[in-house]
Structures are given as structure tokens and as C-alpha cells.
Amino acid sequence: MTRTMDVPADLREASAELVAATRALMLAAATTTADADTVRAARATIAELAETLGVRPRSRVLRPPFDGPSRSRDTGGREPWALFTHNPMGIPLEIHFGADEARARLVANALHEGPPDSVHGGFSAHLLDCMLGTLMQARGSRSLTASLDLRYLRRTPLDEPLDLYSRIVETEGRKTVAEGWIECRGERTVEARGVFVRVEE
Ligand SMILES: CCCCCCCCCCCC(=O)SCCNC(=O)CCNC(=O)[C@H](O)C(C)(C)COP(=O)(O)OP(=O)(O)OC[C@H]1O[C@@H](n2cnc3c(N)ncnc32)[C@H](O)[C@@H]1OP(=O)(O)O
């Protein structure tokens, strides 16, 4: 495992910018209306870049410090915690923490589509697991998701602001129950309830 703090700040910053540009590329590649020659030329350029960047790869992506979310929580919500800065597969979220709750805002795009014009249910689950799990982390708890129950109440639209929330319900021994939901225009579209179990390491 390579932690973000193990690499120089300049490389860390360059890596985050590259990952953001890669996400933009993913969307452009998936939605382009360019002609076939342009698309093939882009493919060749991308293959070349993958070869350049792929020399001596790390086995894992850069891992942010465990206490990042709790340091963000200590600012009382002023400084959000940015998720998946170094991993283009994750949906990037900027999470604002209160003591026992968290919120984030996101506009899902064409890459996240499941039903037409709507967010894929698996991506909603990903988002809510992140909202609940990172809240656990922000409270300093090394916990894993033991269960995550979801209720898909209505479709979650693409290209519109979505508000994501999570909060702690109760803790008993090693077990914490947390809940979260996604709202669009003030209406809940998905609800989640998760059980998190604290682990040693
Ligand atoms: C490295 C960290 C860094 C953490 C860094 C943070 C990383 C971000 C993580 C984001 C969230 C994820 O994606 S996590 C990834 C997805 N989740 C996983 O991979 C977890 C895989 N499952 C496991 O490793 C295990 O099953 C655990 C840790 C969840 C539980 O195993 P265990 O440690 O043996 O504990 P166990 O005795 O079974 O259970 C402890 C207590 O919890 C209760 N319990 C267990 N499961 C449930 C459940 N679904 N619903 C209700 N209660 C449950 C038990 O009854 C018991 O209660 P009692 O008898 O004490 O009353």
C-alpha cells in the first residue's frame, strides 16, 4: 500500500489532476459524437499514454490517510473531505461532516446511467456506502460495512443536483447502525440503512 503522504506533494497534486482529467476523458469517450477516424486516433493516443503511465505501476492506488475525514470533521463542516481523489473509478464526492451526520452534493452524469436518464442502482449503493462508511471513519471508527439495506423509492435523475445525507442512528458494542438517503429537489429517491462493525486493523 502506498499512502498519499508517502509521495511528494507535487506528485500527489499532479496525480489528483490526472485522475480528474481521466474522469473527464471517460465521459468524453463514452458520449463522443466525433467521426470514426477521430475516435480511432484518440484510441491510439490513449493507448500510448497508458503505456507511458503504466511503466512500473503500483499494485494499489494511492491511499489517503485514515484520519483525513476526521480532520475534516474537526473543521465543523467548513473544509469538506474529497473522496476518490486518486481513483477515477470512484464517484467523486466532497463530504461535509457534522458531529454525527454528513452531507454532499453531486450531479450524476451519463457514466452513471442505469434506467434511462436515471442513476444505476449499484452506483446509488456505492454513493450511500461511501456516505455512511466515511462518516464512521470521520468519527475515528475503523469499521466495515456488515450489511447495507436499500430502498429505491423512485428514480434518481442524471444531470440534476442530488443531495446526499448520512447520520448515525445508534452504537452498541462493536456495532453501529447508520442511515442515509439521496434527495432530488427535496424528494427522497433512495434510502439506506447500514450496519458497521468495528475491526482491529
Ligand atoms: C481495516 C479498517 C480500516 C477502515 C477504513 C475504512 C475503509 C472504508 C470502508 C468503506 C465501507 C466498505 O466498503 S467496507 C467493505 C465491505 N465490507 C466488508 O468487506 C466486510 C466483510 N465482513 C467482515 O469482514 C466481517 O463479517 C465483519 C468485520 C463485518 C464482522 O466479522 P467479525 O469481526 O468476526 O464480527 P462478528 O463476531 O461476526 O460480529 C460482531 C458483532 O456484530 C454483529 N453483526 C455482524 N454482522 C451484522 C449484520 N449484518 N447485522 C447486524 N449485526 C451484525 C454480530 O452479531 C456481533 O454482535 P455481538 O455478538 O457483538 O452483539
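Trainee: Which residues does UniProt list for "domain: Thioesterase"?
Mentor: UniProt positions follow the numbering used here, feature names are shortened, and annotations may be inferred rather than shown by experiment. In this case, the unreviewed UniProt entry lists residues 119-187. Residues are numbered from 1 along each chain as its sequence is written. This is a predicted model, where local features need pLDDT of at least 70, side-chain atom pairs count only at pLDDT 80 or more, and totals for chains, interfaces and linings use all residues; side-chain values use heavy atoms, leaving out hydrogens and water.

Trainee: How much helix and strand is there over residues 119-187?
Mentor: Helices (H or I, at least four residues) and strands (E, at least two) are DSSP runs, numbered from the N terminus. Here the stretch is 26% helix and 48% strand, with its end C-alpha atoms 15 Å apart.

Trainee: Which residues come nearest to the ligand?
Mentor: A residue counts as near a molecule or strand if one of its heavy atoms lies within 4 Å of it. Of the 13 residues around this ligand, D129, T145, R174, K175 and E201 come nearest. β4 gives the largest share of that shell, 4 residues.

Trainee: What kinds of residue make up the shell around the ligand?
Mentor: Ala, Val, Leu, Ile, Met, Phe, Trp, Tyr, Cys and Pro count as nonpolar, Asp, Glu, Lys and Arg as charged, and the others, Gly among them, as polar. The shell divides into 6 nonpolar, 3 polar and 4 charged residues.

Trainee: Where is T176 found, and is T176 buried or exposed?
Mentor: Buried means under 20% relative accessible area, exposed over 50%, and partly exposed in between (1.4 Å probe, protein chains only). T176 sits in strand β6, and T176 is buried because its relative accessible area is 5%.

Trainee: What does the side chain of T176 make a polar contact with?
Mentor: A polar contact is a pair of N or O atoms within 3.5 Å; within protein, one must be able to donate a hydrogen and the other to accept it, and residues adjacent in sequence count only if both atoms are side-chain atoms. For T176, the partner is the side chain of T171, at 3.1 Å.

Trainee: How far from the ligand is the polar side-chain atom of R174?
Mentor: That atom lies 2.6 Å from an oxygen atom of the ligand. For D129, a side-chain N or O atom is 3.1 Å from a ligand oxygen atom.
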